[in-house]
Amino acid sequence: MNYRIGMGYDVHRLVEGRELWLCGVKIEHSLGLLGHSDADVAIHALCDALLGAACLRDIGYHFPDTDPQYKGIDSRKLLVEVMRLLAEKGYQLGNCDITICAERPKINPHIPAMQAELARCMNCDPSQVSIKATTTERLGFVGREEGIAAHAVALLIHNS
Ligand code: MG
């Protein structure tokens, strides 16, 4: 078996007048994440972890934020495309683990729905998709609620 590990990290700014999407789930909140796409920071970190594991550059390389075709795009579509790229290279997902750093809103109640949604996009079992949440104890830009950060790691298995 050929195992490959990758990591990803992303940050988006919290602003008024935007929807808040995390792991493909819309969360009711007074603020949303700003970005060229739907700004789903957790899916972006996950895509970078998956691409990194396969040594396939990063999300900005494949889906440039200067390209009008990605304006407002549902990040789940980017994740599906990343999985297609991996499959083309002979990779399948072993497991992935995401940590979302946010002061507010509470993420934990949404985690089962997020796991189910990402597993659906990646065509895997929800047990292969771990999602965790933490605050940063009111420290830094996350603590000041200026933005949300996400970290992800992914393990891929090559079919060779
Ligand atoms: Mg991003």
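## Basis of the model

This is a predicted model, in which local features need pLDDT of at least 70 and side-chain atom pairs count only at pLDDT 80 or more, whereas totals for chains, interfaces and linings use all residues. Residues are numbered from 1 along each chain as its sequence is written, and side-chain values use heavy atoms, with hydrogens and water left out.

## The magnesium site

The protein donors of the magnesium ion are Asp10 through OD, His12 through NE2 and His44 through ND1, at 2.1 to 2.3 Å from the ion. Donors here are N, O and S atoms within 2.8 Å of the metal (3.2 Å for Na, K and Ca), and since water is not among the atoms, sites may look incomplete.

Helices (H or I, at least four residues) and strands (E, at least two) are DSSP runs numbered from the N terminus. Both His12 and His44 are buried, where buried means under 20% relative accessible area, exposed over 50% and partly exposed in between (1.4 Å probe, protein chains only).

## A nonpolar surface patch

Met7, Tyr9, Val11, Phe141 and Val153 make a nonpolar surface patch of about 430 Å², to which β1 contributes the largest share, three residues. Patches are built from residues with over 30% relative accessible area and no salt bridge, joining like charges within 9 Å and nonpolar side chains (Val, Leu, Ile, Met, Phe, Trp, Tyr) within 5 Å; the areas come from the Shrake-Rupley method with a 1.4 Å probe, and for residues only the protein chains shown count as cover. Val153 lies in strand β7 (residues 147–158) and counts as partly exposed because its relative accessibility is 37%.

## Salt bridges

Across the whole structure, a search finds nine salt bridges, each defined as a side-chain nitrogen of Lys or Arg within 4 Å of a carboxyl oxygen of Asp or Glu. One of them joins Lys26 to Glu19, with the closest N and O atoms 3.3 Å apart; Lys26 is partly exposed at 40% relative accessible area, and Glu19 is partly exposed at 44%.

Asp74 and Arg76 form a salt bridge whose closest N and O atoms are 2.7 Å apart, and a network of salt bridges links Asp74, Arg76, Glu117 and Arg120. Asp74 counts as partly exposed at 23% relative accessibility, while Arg76 counts as buried at 18%.
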